[in-house]
Amino acid sequence: MADSSWLERFPQMSRADLTVIRKALDGAYRDFSREYGEAIESFFDPLLQFLVWFEKLLITTPWWLVLIVCAGLVYLASRSWKLVIGSVVSLLLVGYFGMWEDMMRTMSIITVCTMLAIALGIPIGIIMARSNRAQAIITPMLDVMQTLPAFVYLIPVVMLLGIGKIPGVIAVVIYGIPPVIRLTNLGIRLVDKEVLEAATAYGASAWQRLFGVQMPLAMPTIMAGINQTIMMALSMVVIASMIGVKGLGQPVLKSITNQYFTLGLLNGLAIVALAIIFDRVSQAYAKRTQAHLQGLKHD
């Protein structure tokens, strides 16, 4: 009688073979981290120095001056006094409950991560928009980056660079960069072909068409991508606190391990307040940009 066990139990690799594969991959990555870990760490030294300097700047600057600067930036982006007052009141409440320094640390890490995501994401999105082949190659990578559990990012980064700010920044950027890449690509591709043909007819070069026509018209879509990147970066704050990133995430992590309900709730609400401020300001700026472009079209 033929063996029919494979009908009842799914055929799988033997444990011995699986162990050999795991040991080979783990050993290869350990060898790589030992060989190139210091070189990669030194490569990120300027970023670490900037991050430490920026964090100290926010913490040592008088709170009232930070509020004035934040209020000015919010007004420049939104032109809305209601949004300015709401943002200032939210920041005052967070500070009043003793979370000012942690909030400044979180703002510094989110600001740096967003700047990095924009600096890397927009050029990649432009490359995708200008090349169907690049889009076909990069899109599956973005799918993996968006669906891979956030904790998985931490494993190779920590093995390579250890515990600290830089591994946290890398993990947050990897997690948060896909939206700005996707929406930059989408925004440029959605620009009307007739507009591009008109620009070409007037003698515009490829670079002039990109930066003079496509990028301004795609800006509302790109801003939506930046908005989503900021939201995803903020959602990684608690997870990044597991590898030494200080800020509002660490008290939340502490409250989980020690079951401090109020501590976790207050810091969680502070993260929500920051998320709402960033969200409303970026949305208001995107709407202003779109309204300005529509006014130019009508003119």
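According to its unreviewed UniProt entry, this protein has the annotation "transmembrane region" over residues 57–76, 83–100, 106–129, 150–177, 229–248 and 260–278. Keep in mind that what you're looking at is a predicted model. Here's a quick tour.

**The whole protein**
- Taken along the principal axes, the C-alpha atoms fill a box of roughly 85 × 55 × 45 Å.
- The protein has 299 residues, and 39% of them are buried.
- Take the contacts with a separation of 6 or more: 76% of them are between residues 24 or more positions apart.

**Two of the annotated stretches**
- Residues 57–76 are 90% helix and 0% strand, with the end C-alpha atoms 22 Å apart.
- Residues 260–278 are 95% helix and 0% strand, and here the end C-alpha atoms are 28 Å apart.

**A helix pair to look at: H6 and H12**
- Two packed helices are described by the angle between their axes and the distance between the axes.
- Helix H6 (residues 100–130) packs with helix H12 (residues 206–235) at an angle of about 140 degrees, and their axes are 9 Å apart.
- That angle is why H6 counts as oblique to H12.
- The crossing of the two, H6 and H12, is right-handed.
- On the H6 side, the residues making the contact include Ile 110, Ile 118, Ile 122 and Arg 130.
- On the H12 side, they include Leu 210, Gln 214, Met 215 and Ile 222.
- Sort the residues of the H6–H12 contact by type and you get 13 nonpolar, four polar and one charged.

Terms used
Residues are numbered from 1 along each chain as its sequence is written. This is a predicted model: local features need pLDDT of at least 70, side-chain atom pairs count only at pLDDT 80 or more; totals for chains, interfaces and linings use all residues. Side-chain values use heavy atoms; hydrogens and water are left out. Axes are lines fitted to C-alpha atoms, for helices over the stretch in contact, and angles run from 0 to 180 degrees between N-to-C directions. Helices (H or I, at least four residues) and strands (E, at least two) are DSSP runs, numbered from the N terminus. Angles under 35 degrees count as roughly parallel, over 145 as roughly antiparallel, 65 to 115 as roughly perpendicular and the rest as oblique. A crossing is left-handed if the near helix is turned anticlockwise from the far one by less than a right angle, and right-handed if clockwise. Contact means heavy atoms within 4.5 Å. Ala, Val, Leu, Ile, Met, Phe, Trp, Tyr, Cys and Pro count as nonpolar, Asp, Glu, Lys and Arg as charged, and the others, Gly among them, as polar. UniProt positions are given in the numbering used here, feature names are shortened, and annotations may be inferred rather than shown by experiment. Buried means under 20% relative accessible area, exposed over 50%, partly exposed in between (1.4 Å probe, protein chains only).
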